[in-house]
Amino acid sequence: MKQLQVNHLTAGYHGRDVVHDLSFTLPGGCVLGVLGANGSGKTTLIKAICGILPHQGQCLLDGTALESLRPKALARRCGYIPQRSGLAIELSVLDVVLMGFNPHLGLLQPPTPAMRRAAAEMLDTVGLPGRGGESYLTLSEGQKQLCLLARALVSGADLLLLDEPESALDLRARHRTLGLLRQFAAQGDRAVLLSLHDPNLALNFCDALLPVDSGRAAGLVYPGRDREKTLTAALARLYGPVCLRRCTDDHGQSHLVMLKEADAL
């Protein structure tokens, strides 16, 4: 089981701490959603865990300190998707997905035929069938996010870190993305941590939530097992007075919905 343990993590920029003494444990097979307002420290937390930002404290994956790993070994264990890819060179969509295999290849070693097949199949899975030969730069922002999701999923990393992976997606693609991440976590007992803006997505697709306010967190809450009173109190610290309602969709599936108290009247 690929357990992530974060101990007393503090990180920031230019001498100013943004995340303050955060500690939590994420078991393998689980998806953890980090919730908070803009500037609350969600992105800083993710960048610190994956080694982009210097930090105090320690991040352990299966007992191994991520801080101790060399870059290629870290890339094999930990996959990261930023809010914006930063890719500005002409590459095919398939070649971008194949980059997920780079940590497993030697210098100048090309992807194997099996890797190419896996990458093409993953493009189908995320909702980009038949787009492998197109230029990545011609994709919409939402399609780019799906392409990067495919790259992360083929990597087989023990830990995936995603910064607002749903931000440019339509409603259907958001649900597909969160569903795929749940499958990815469950199938390999992997750990998935992602920041989200939408608390309703988080309530219904995440096994645990970490509400972060001004770089601090009171601890994890669990939508599937905590009482609604506990969940409501945790969300109210971020969003003000809220209430939770349980609704059933046309397929008979039960969903939690967060409402501002004024809207629920």
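We begin at the second largest pocket: by class, its lining has six nonpolar, five polar and two charged residues. In that count, Ala, Val, Leu, Ile, Met, Phe, Trp, Tyr, Cys and Pro are nonpolar, Asp, Glu, Lys and Arg are charged, and the others, Gly among them, are polar.

Before you click further, a word on what you're looking at. This is a predicted model, where local features need pLDDT of at least 70, side-chain atom pairs count only at pLDDT 80 or more, and totals for chains, interfaces and linings use all residues. Residues are numbered from 1 along each chain as its sequence is written, and side-chain values use heavy atoms, with hydrogens and water left out.

**Stop 1: the second largest pocket**

Select His175, Asn200, Asn204, His255 and Leu256: of the 13 lining residues, these lie nearest the pocket's centre. The space here comes to about 150 Å³. A pocket is an open set of points on a 1 Å grid over the protein atoms alone, with protein on both sides within 12 Å along at least five of seven lines; a cavity is a set where a 1.4 Å probe fits but cannot get out, and lining residues have an atom within 4 Å of a point. Grid points are joined across faces, edges and corners, and a volume is the space filled by probe spheres set on the points.

Now color helix H6 (171-188), helix H7 (199-205), strand E11 (242-248) and strand E12 (254-260), each of which supplies at least two lining residues. Which of them gives the most? That's H7, with four residues. (Helices, H or I with at least four residues, and strands, E with at least two, are DSSP runs numbered from the N terminus.)

**Stop 2: the largest pocket**

Next, select Ala75, Cys78, Gly79, Tyr80 and Arg151, which lie nearest the centre of the largest pocket among its 17 lining residues. Helix H2 (71-77), E6 and H5 are the elements giving two or more residues to this lining, and E6 has the largest share, with four. The volume is about 330 Å³. By class, this lining splits into 13 nonpolar, three polar and one charged.

**Stop 3: the cavity**

Helix H5 (residues 141-155) brings the largest share, three residues. Six of the lining residues are nonpolar, two are polar and none is charged.

**Stop 4: the sheets**

Switch to cartoon view and trace the open, mixed sheet of six strands, in the order E6-E7-E8-E3-E9-E10. E6 and strand E10 (216-217) are at the edges with a single partner strand each, so one side of each has no neighbour in the sheet. Within this sheet, zoom in on strand E3 (residues 31-35) and strand E8 (residues 191-196), a parallel pair joined over five bridges; two strands pair if DSSP finds at least two bridges between them. Pick glycine 33, and you'll find its bridge partner in E8 is leucine 194.

The other sheet to trace is open and antiparallel, with four strands in the order E2-E1-E4-E5. Its edges are strand E2 (16-26) and strand E5 (64-65). Strand E4 (residues 55-61) pairs with E5 over two bridges, and leucine 61 stands opposite threonine 64 in E5.

**Stop 5: two loop residues**

Select aspartate 158, in the loop between H5 and strand E7 (159-163). Buried or exposed? Aspartate 158 counts as buried, at 15% relative accessibility; buried means under 20% relative accessible area, exposed over 50%, and partly exposed in between (1.4 Å probe, protein chains only). The side chain of aspartate 158 makes a polar contact with the side chain of arginine 77 at 2.6 Å. (A polar contact is a pair of N or O atoms within 3.5 Å; within protein, one must be able to donate a hydrogen and the other to accept it, and residues adjacent in sequence count only if both atoms are side-chain atoms.)

Last, go to serine 92, in the loop between strand E6 (78-81) and helix H3 (93-98). Serine 92 is buried, with a relative accessible area of 18%. Follow the side chain of serine 92 to the backbone nitrogen of aspartate 95, 3.0 Å away.
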